[in-house]
Amino acid sequence: MPQFFRKDSAEYWSRYPQHLADMAKIMEGSKLTPATLHVLGEPSDETAPAALIFTMPPHSTIPRHSHLCERFEVILEGSLKVDDLVLGPGDVMIARKGEAYGPHTAGPEGCRTLEIFSTLAGAHHLMYETPEGPLSVDFGSFASLEASQAAGPKG
């Protein structure tokens, strides 16, 4: 049976798979809210496709990074500068597994975006480019976030 989620319901903006419950708090701490994550299949299946809707405040920036899966993004509201290109509502960006992009900088009105990932794992596991080398970061839980940052490159 199909499921329906109304964006004006209280549950919509806090919807994450149970094993990624910390991710809602991590997104909030990063000021990337409101946000919601939907899995296209069994919510615990890290190989299932997933869709993430999140909001960036005006002029906020997400550093250059890549994902461990294919990624499709469409701008829903506002504007987003990626590299030297400004994207607006309806504009699309596609990145292959491991293909770095960014930084992402929200426009003066902020930005709401929909990202579709070929795997749930790819939605919460990122690779950042740092001066010391690549840094693998898992935003799935506070424990995995701390472990990935501790294991990162040392300057």
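A salt bridge here is a side-chain nitrogen of Lys or Arg within 4 Å of a carboxyl oxygen of Asp or Glu. By this rule the count comes to 6 salt bridges. This is a predicted model: local features need pLDDT of at least 70, side-chain atom pairs count only at pLDDT 80 or more, and totals for chains, interfaces and linings use all residues. Residues are numbered from 1 along each chain as its sequence is written, and side-chain values use heavy atoms, with hydrogens and water left out.

**Salt bridges**

- Asp8 and Arg6 pair through their side chains, at 3.5 Å from N to O. Both residues are exposed (buried means under 20% relative accessible area, exposed over 50%, partly exposed in between, with a 1.4 Å probe and protein chains only).
- Asp83 bridges to Arg64, with the closest N and O atoms 3.7 Å apart. Asp83 sits in the loop between strand S5 (71-82) and strand S6 (85-87) and Arg64 in the loop between S3 and S4, so the pair ties together parts that are 19 residues apart in sequence. Helices (H or I, at least four residues) and strands (E, at least two) are DSSP runs, numbered from the N terminus.
- Asp83 is partly exposed, at 40% relative accessibility. Arg64 is also partly exposed, with a relative accessible area of 30%.
- Arg71 and Glu73 form a salt bridge at 2.1 Å, N to O. Arg71 is buried at 2% relative accessible area, and Glu73 is buried at 1%. Elsewhere, salt bridges that share partners join Arg64, Asp83 and Glu129 into one network.

**Pockets**

- A pocket is found on a 1 Å grid over the protein atoms alone, with a 1.4 Å probe. It is an open set of points with protein on both sides within 12 Å along at least five of seven lines, and lining residues have an atom within 4 Å of a point.
- The largest pocket holds about 370 Å³ of space. Grid points are joined across faces, edges and corners, and a volume is the space filled by probe spheres set on the points.
- Its lining has 25 residues, with Met27, Leu32, Ile62, Leu126 and Tyr128 nearest the centre.
- Helix H1 (21-29) and strands S2 (50-56), S3 (61-62), S4 (65-67), S8 (104-117) and S9 (125-130) each give at least two residues to the lining of the largest pocket.
- By class, that lining has 16 nonpolar, 6 polar and 3 charged residues. Ala, Val, Leu, Ile, Met, Phe, Trp, Tyr, Cys and Pro count as nonpolar, Asp, Glu, Lys and Arg as charged, and the others, Gly among them, as polar.
- The second largest pocket has about 150 Å³ of space. Its lining residues include Phe5, Arg15, Tyr16, His38 and Pro43.

**Buried residues**

- Asp138 lies in strand S10 (residues 133-138). Asp138 is buried yet has no salt bridge; Lys97, the nearest side chain of opposite charge, is 15 Å away. Lys and Arg count as positive and Asp and Glu as negative, while His and the chain ends are not counted.
- Leaving aside neighbours within four places in sequence, Asp138 is in contact (heavy atoms within 4.5 Å) with His124, His125, Ser144, Leu145 and Ser148.
- His67 belongs to strand S4. His67 is buried, at 4% relative accessible area. Beyond four places in sequence, its contacts include Lys97, Tyr101, Glu115, Phe117 and His125.
- Thr55 is part of strand S2 and counts as buried at 13% relative accessibility. Beyond four places in sequence, Thr55 is in contact with residues including Lys31, Leu32, Thr33, Pro34 and Cys111.
- Thr55 and Glu77 are 22 residues apart in sequence, yet 8.9 Å apart in space, C-alpha to C-alpha.

**Backbone geometry**

- Thr33 and Pro34 are joined by a cis peptide bond, with omega about 5°. Pro34 is in the loop between H1 and strand S1 (35-39).
- Gly102 and Pro103 are also joined by a cis peptide bond, with omega about 10°. Pro103 is in the loop between strand S7 (92-95) and S8.
- Lys31 is not a glycine, but has a positive phi of about 65°. Lys31 lies in the loop between H1 and S1 and is exposed at 56% relative accessibility.
- His59 has a positive phi near 65°, again in a residue other than glycine. His59 lies in the loop between S2 and S3 and is exposed, with a relative accessible area of 54%.
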